[in-house]
Amino acid sequence: MIPVLNIIHIPIDQLTGPLRSEATRREHNIKSHAFQHKIPYALWDGIMVKNLPHTGISRSHKQIVQHAKDMGLNLAFIAEDDFKLTSPNSWNHFIDNLPDDFDLYLGGISGGAVNEDDKTVSSWSGLFFYAISHQFYDVFLAAPEEYNIDRWLSGVGLPAIEKQLGRKPVYKVCYPMAAITSDGISFKSGSHVNHDHFYKGYQKFQI
């Protein structure tokens, strides 16, 4: 099966001003990466909930996971539209190093600790480029929407997750990292964000 990357993208016609310009830039980013890296992709409308950014983000990701569950897919590949691959071979690096066993396989993280021996991560943040296994769909879909979903999955939600799974979740990262995020205006805060400091302490795939 050829993996399809499901990309969350807020439609340009839903936005005005600087956010509309940012959405246009991100649309160009998607097309450029897809062409350069030969990535099959599908676009999913990002969901915005007024005054509840965490809820909108959670629902944007969950709609793809729910679709994967409904279709009986073993895996789903998901990205936010501001992802940035670190080299011309990053997509293949990510796919070729898909672990045999995982719940979430992250293309990169913007916070947290990496165990370089087994590529597991803890206290991580960043759901901007990842794969999710079918065995984790129900847990992901059950995440409370008032929380930042990545922080819930990697932190405060762990007791509930372990109870639901009957074991600890398996979070792994493609390392050196295949993806980071590009600088730009955040749809969550409305301000410009420079992401360099989030990734400074991690190795990035450069081959």
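The following dialogue concerns a predicted model, and it turns from aromatic pairs to a hairpin and then to a pocket.

Student: How is the ring pair of Trp124 and Tyr171 classed?

Tutor: A search of the whole structure finds twelve aromatic pairs. In the pair of Trp124 and Tyr171, the ring centres are 5.3 Å apart and the planes stand at 80°. Planes over 60 degrees apart fall in one class, so this pair is edge-to-face.

Student: How many residues apart in sequence are the parts that this pair ties together?

Tutor: Trp124 belongs to strand E7, residues 120-125. Tyr171 belongs to strand E9, residues 171-173. The pair therefore ties together parts whose separation in sequence is 47 residues.

Student: Is Trp124 buried or exposed?

Tutor: A residue is buried when its relative accessible area is under 20%. The relative accessibility of Trp124 is 0%, so Trp124 counts as buried.

Student: Which residue in E7 is the bridge partner of Ala113?

Tutor: Strand E6, residues 111-115, pairs with E7 in the antiparallel sense over four bridges. Their hairpin has four residues between the strands, and Lys119 there takes a positive phi near 65°. The bridge partner of Ala113 in E7 is Ser122.

Student: Which element gives the most to the lining of the largest pocket?

Tutor: The largest pocket holds about 960 Å³ of space. Its lining has 41 residues, and among those closest to its centre are Ile57 and Glu80. Elements that each supply at least two lining residues include strand E1 and helix H5. With six residues, the element that gives the most is H2.

Terms used: Residues are numbered from 1 along each chain as its sequence is written. This is a predicted model: local features need pLDDT of at least 70, side-chain atom pairs count only at pLDDT 80 or more; totals for chains, interfaces and linings use all residues. Side-chain values use heavy atoms; hydrogens and water are left out. Rings of Phe, Tyr and Trp (its six-membered ring) pair if their centres lie within 6.5 Å; planes under 30 degrees apart count as stacked, over 60 as edge-to-face and the rest as tilted. Buried means under 20% relative accessible area, exposed over 50%, partly exposed in between (1.4 Å probe, protein chains only). Two strands pair if DSSP finds at least two bridges between them. On a 1 Å grid over the protein atoms alone, a cavity is a set of points where a 1.4 Å probe fits but cannot get out, and a pocket is an open set with protein on both sides within 12 Å along at least five of seven lines; lining residues have an atom within 4 Å of a point. Grid points are joined across faces, edges and corners, and a volume is the space filled by probe spheres set on the points.
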